[in-house]
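I opened a new page for this one and wrote down what I looked up, entry by entry.

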Amino acid sequence: MASGDTAAPRVLLMVTGGIAAYKSCFLARLLQQAGFSVRAAMTPAATRFVGPVTLQALTGAPVATDLWGEGQSEPLDHIEYARWADIAVVAPATADILAKAACGIADDIVSTLLVAFEGELVVAPAMNDAMWRHPATRANCEVLRERGATLVGPGEGWLACGTTAPGRMSEPEEILQAVRKVAAGLPVREVEFPAPVPSPWSGRRVVITAGPTHEPIDPVRYIANRSSGHMGYALAAAAVQRGARVTLISGPTALPSPRGLAGFIPVTTAQEMAAAVADALAGGAEWLVMAAAVADFAPAERAAGKLKKEDLGTGWSLQMTRNPDILGEVVPAAAPVGLKVVGFALETSDVEERALAKLRAKNMDFIVANDPTAAGAGFGDVEHTVVLMGPEGVLWRSDPAAKPALAAALLDRLAAVPGASA
Ligand code: C5P
């Protein structure tokens, strides 16, 4: 195994020869920021667009560029990269590599790695619009899709050949979202969860929300909050580890999806999160854990085009409108009989009193009260402190702890409440 590996899903980024190759450098960075382990391979044509040194510097590992090891910066057993990866991402994918992948041709480093690769495949085609329309290209895409590959794009836009047409590689953020969805379906890797913890959570159907919501003002601006998603993701991972069937509904975060989820539903706005929660509950659930920091308000109007500061003068006002209260309004209508509801209350004063009032107002079974501004607490990947409360008051006050440990302790405390795990 390459040095510096983590238990994060491993992505082999394969770059083929198109002008969009430069965007793959951003994609490599985004994948890393999202917590994936990344290695890269490039066709000889790709190296004419982007230097392998760039991807080597970004990934911190040798880039596979040649079947025979010629010109490699370091000796490399290239097939090892195919064995190493959980997910292969071909971006940009030219008409040529689509054809080779569909037929199993192995005549350069990328096509060879693709034939040797047995994991999940994500493909982001990019080419001239006539090449994209060609029946052979369409048929090749269909073959790959039928074999289980995820195709992302192409989008419509300005192409290097000077036209505006379908064929442009999807933006790196969109490809990242596709990779995260695929990662959510990967089986739990031994190294991450050495042994499932025997637990009353085993087999329970649990819906967890996490992260912030983004409420768009215009196509480029939004209103959000400082939620990082760490707590919700840690709860999802801990619940999976305890054998639960977890659906994670996540607002935009930079975190890799925990492995072993029964479902991962990325959403952006509170409205989308409300709809996803209603759908997930309709599919059957025994627990709902609302760890998401749902925006209470959204801009009343979403401008179709970017608002221009020249048009807004020296100051302007934004009209806001209430978002649905998911726990207060959506859950009562959608909850299956016996659903246990755990909410979160983020308060900066009178924390426990306010949390208890919220639990009663929104008819929750439990609430996790926390103050991110207190000593030993905070947003992001930091130690945190929580208070678990039931309708009668405080059940448990935690010490400051890392969020994964805190999430595990919370689930174990919840399961230990008499009647809660039944
Ligand atoms: O009232 P407050 O937003 O502090 O309530 C916190 C709890 O309510 C959290 O569990 C949060 O996920 C949930 N919530 C919700 N819908 C909203 C706002 C918050 O379900 N619109």
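This is a predicted model: local features need pLDDT of at least 70, side-chain atom pairs count only at pLDDT 80 or more; totals for chains, interfaces and linings use all residues.

**Entry 1: the whole chain**

I started by counting elements, and the protein chain has 15 helices and 21 strands. Next I looked up the radius of gyration: it is 24 Å, close to the 22 Å that the globule rule gives for 422 residues, so the chain is as compact as a globular protein of that length. The box filled by its C-alpha atoms, taken along the principal axes, is roughly 70 × 60 × 40 Å.

What share of the 422 residues is buried? I got 51%.

**Entry 2: around the ligand**

Which residues sit around the ligand? I listed Met290, Ala292, Val294, Asp296, Pro324, Asp325, Ile326, Leu327, Gly343, Phe344, Lys358 and Lys362. I sorted this shell by type and found 7 nonpolar, 1 polar and 4 charged residues.

Then I went through polar backbone atoms. One belonging to Ala292 is 2.8 Å from an oxygen atom of the ligand. At Pro324, a polar backbone atom is 2.9 Å from a ligand nitrogen. For Leu327, I found a polar backbone atom 2.8 Å from an oxygen of the ligand. The ligand on its own has 450 Å² of accessible area, and the protein covers 88% of it. Two elements give two or more residues to the shell: helix H13 (326-334) and strand S16 (340-346).

**Entry 3: helix H6**

Is H6 mostly covered or mostly open? Mostly covered: 6 of the 8 residues in this helix (109-116) are buried. I wrote them down as Ile109, Val110, Ser111, Thr112, Leu113 and Leu114. The N-terminal end of H6 is capped by Asp108, which has a side-chain oxygen 3.1 Å from the backbone nitrogen of Val110.

Ser170 belongs to the loop between strand S7 (164-168) and helix H9 (172-184). Why does Ser170 count as buried? Its relative accessible area is 4%, and buried means under 20%. A polar atom of the Ser170 side chain lies 3.5 Å from the backbone nitrogen of Gly153. Leaving out residues up to four places away in sequence, Ser170 touches Val152, Gly153, Pro154, Gly155 and Ile175.

Most peptide bonds are trans. The one joining Gly153 and Pro154, however, is cis, with omega about 5 degrees. Pro154 is in the loop between strand S5 (150-151) and strand S6 (155-158). I found a cis bond between Ala91 and Pro92 too, with omega about -5 degrees. Pro92 is part of strand S3 (residues 87-93).

**Entry 4: positive phi**

Most residues other than glycine have a negative phi. I noted Asp350, which is not a glycine but has a positive phi of about 45 degrees. Asp350 is in the loop between S16 and helix H14 (351-361), and is partly exposed at 49% relative accessible area. Asn363, also not a glycine, has a positive phi of about 55 degrees. I placed Asn363 in the loop between H14 and strand S17 (366-370). Is Asn363 buried or exposed? Exposed, at 67% relative accessibility.

**Entry 5: a few distances**

Tyr81, in helix H4 (residues 78-84), is buried with a relative accessible area of 6%. Tyr81 and Ala40 are 41 residues apart in sequence, and their C-alpha atoms are 8.6 Å apart in space.

Gly305 sits in the loop between strand S14 (297-299) and helix H12 (309-312) and is partly exposed, at 38%. Apart from neighbours within four places in sequence, Gly305 is in contact with Asp218 and Pro219. Between the C-alpha atoms of Gly305 and Leu356, 51 residues apart along the chain, I noted 43 Å.

Last, I looked up Gln56 in helix H3 (residues 52-59), which is partly exposed with a relative accessible area of 23%. Gln56 and Asp279 are 223 residues apart along the chain, with 43 Å between their C-alpha atoms.

Conventions: Residues are numbered from 1 along each chain as its sequence is written. Side-chain values use heavy atoms; hydrogens and water are left out. A residue is near a molecule or strand if one of its heavy atoms lies within 4 Å of it. A polar contact is a pair of N or O atoms within 3.5 Å; within protein, one must be able to donate a hydrogen and the other to accept it, and residues adjacent in sequence count only if both atoms are side-chain atoms. Accessible areas come from the Shrake-Rupley method with a 1.4 Å probe; for residues, only the protein chains shown count as cover. Helices (H or I, at least four residues) and strands (E, at least two) are DSSP runs, numbered from the N terminus. Ala, Val, Leu, Ile, Met, Phe, Trp, Tyr, Cys and Pro count as nonpolar, Asp, Glu, Lys and Arg as charged, and the others, Gly among them, as polar. The radius of gyration is taken over C-alpha atoms; the globule rule is 2.2 Å times the number of residues to the power 0.38. Buried means under 20% relative accessible area, exposed over 50%, partly exposed in between (1.4 Å probe, protein chains only). Contact means heavy atoms within 4.5 Å.
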